[in-house]
Amino acid sequence: MTVKSWTKFNCYEVLGVALGASESEIRAAFKQASRRAHPDRGGSHDAQVQVNLAYEVLSNADSRTKHDRHWKLGQYAAGPILPFFTGEEAIRNLWTGPGGSSRKLADGKGSSGLVRRVKERIHRDRDRITLDRENRKAIFIAEFTKKLQTARLEALVLILTIGVSGIVGSVYTFGYLGVLGFGALLVRRLGGVLVHPETALKLTVLDPLARKHLEEHAEHLAQASVARDRERLEVHFAALEQLGKLVTTPSKASDSEGQILRRLLGVLFILGLMPTRHDVAAQRVVLQGEGEWAALFYRHAGTQQLSIATVEKIIAARAAVNAQAAFLYNLGGLSQKAAARAEIAYIRWVGMRELNQWARQVWTSENGGPSGDILQRLAEFKSFLDKIPD
């Protein structure tokens, strides 16, 4: 099976180049590795795909940096996948990826990256649905025509069977029983065919205007189908509005822990992190980015500072869920030693004031949310939030 992700292999090893190789060295190594991997020269398709992907990653500065962080190479050898930043720099450097987050912050004018991404996708789907109306109409007509043709064939068979039964009845009396029985079936069949239950359309097999009626009802059903699908898209608008309200409404000390958690997850969702598991007892959520994992720890009750022992437990819990990055929210902050340990361990801490500032920055940024089908991601995210207890 072809390995499609560089998270499964070290690209430097695939190309046979040193960690600090230049662009020209990487290009030369790619040509040599490509010749070795070619199926005609003893290689394989999978090996060729792997070489191509390795070159694609290392020839791009952003993807190369991401690769080195993942494999803890070079300047990232001693640390986790994400560097520790604060404020706007954190937003620029947290989770980037195709179709997902962007490093560029918006200037506050116009729509944010996520809003534009969702709206563009909805408008594109609307246009596609509208253009698909004729195709849906043709499908309905084909289905209706097949049913009517089947009914007509059955009627013809019944007529022939009645004729044969009548001939048999001229010799044997019981043949007339067949005439009566098949005649009753014929009358029932000639009474009409229910083409579609939604419109209660019923056509007789001998109706000379059957084709016209079929087209009229197919047009009606196609329009209704398009209208339903367009209405379903409005649900995504509602989900986007809900997310916007969630992220932009300032948090207060009186908010429940569930409200704070939903807002934290909303911010991280815009940054490209999708929540996957919620451990209520441990007050921890595991999130997935583009082939990478993060963990969010939250403590809203109480204003006591967290000790270094608590930070050590968080570090161990992060390792237990294979998360490369960790986020910590609590009202009381951290002790001096705990804060120093968190910084060294690349744990990003935020309190309520920091969360309010962070959320405003993220909502107006160019970050576009998780990669993939953004409407499906948005629906999955809403479903996840709905399960969080207050």
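**A residue and its contacts**

Leaving aside residues up to four places away in sequence, A342 touches V311, L334 and I347. Keep in mind that this is a predicted model. A342 belongs to helix α12, which covers residues 336-344. Is A342 buried or exposed? Its relative accessible area is 4%, under the 20% cut-off, so A342 counts as buried. F327 gives a further distance: 15 residues separate F327 from A342 in sequence, and their C-alpha atoms are 9.8 Å apart in space.

Now the rings. The structure has 3 aromatic pairs. Two numbers describe such a pair: the distance of the centres and the angle of the planes.

Take F30 and Y55. Their ring centres are 4.2 Å apart and their planes meet at 20 degrees. Planes under 30 degrees apart count as stacked, so this pair is stacked. F30 sits in helix α2 (residues 23-37), while Y55 sits in helix α3 (residues 45-58). The pair therefore ties together parts that are 25 residues apart in sequence. How do the two partners stand in accessibility? F30 has a relative accessible area of 18%, so F30 is buried. Y55 has 22%, so Y55 is partly exposed. The 20% cut-off falls between these values.

F269 and F381 make another stacked pair. Here the centres are 4.4 Å apart, and the planes are at 20 degrees. F269 is part of helix α10 (residues 257-270), and F381 is part of helix α14 (residues 374-386). Those parts are 112 residues apart in sequence, and the pair ties them together. What is the accessibility of each ring residue? F269 has a relative accessible area of 0%, so F269 is buried. F381 has 2% and also counts as buried.

One ring carries a charge instead. The charged end of R348 sits over the ring of W358. The distance to the ring centre is 4.4 Å.

Last, the surface. Which residues make the nonpolar patch of about 390 Å²? They are L153, L156, V157 and L160. L160 lies in helix α7, which covers residues 133-169. At 55% relative accessibility, L160 is over the 50% cut-off, so L160 counts as exposed.

Conventions: Residues are numbered from 1 along each chain as its sequence is written. This is a predicted model: local features need pLDDT of at least 70, side-chain atom pairs count only at pLDDT 80 or more; totals for chains, interfaces and linings use all residues. Side-chain values use heavy atoms; hydrogens and water are left out. Rings of Phe, Tyr and Trp (its six-membered ring) pair if their centres lie within 6.5 Å; planes under 30 degrees apart count as stacked, over 60 as edge-to-face and the rest as tilted. Helices (H or I, at least four residues) and strands (E, at least two) are DSSP runs, numbered from the N terminus. Buried means under 20% relative accessible area, exposed over 50%, partly exposed in between (1.4 Å probe, protein chains only). A charge sits over a ring if NZ of Lys or CZ of Arg is within 6 Å of the ring centre and within 35 degrees of the ring normal. Contact means heavy atoms within 4.5 Å. Patches are made of residues with over 30% relative accessible area and no salt bridge: like charges are joined within 9 Å, nonpolar side chains (Val, Leu, Ile, Met, Phe, Trp, Tyr) within 5 Å. Accessible areas come from the Shrake-Rupley method with a 1.4 Å probe; for residues, only the protein chains shown count as cover. A salt bridge is a side-chain nitrogen of Lys or Arg within 4 Å of a carboxyl oxygen of Asp or Glu.
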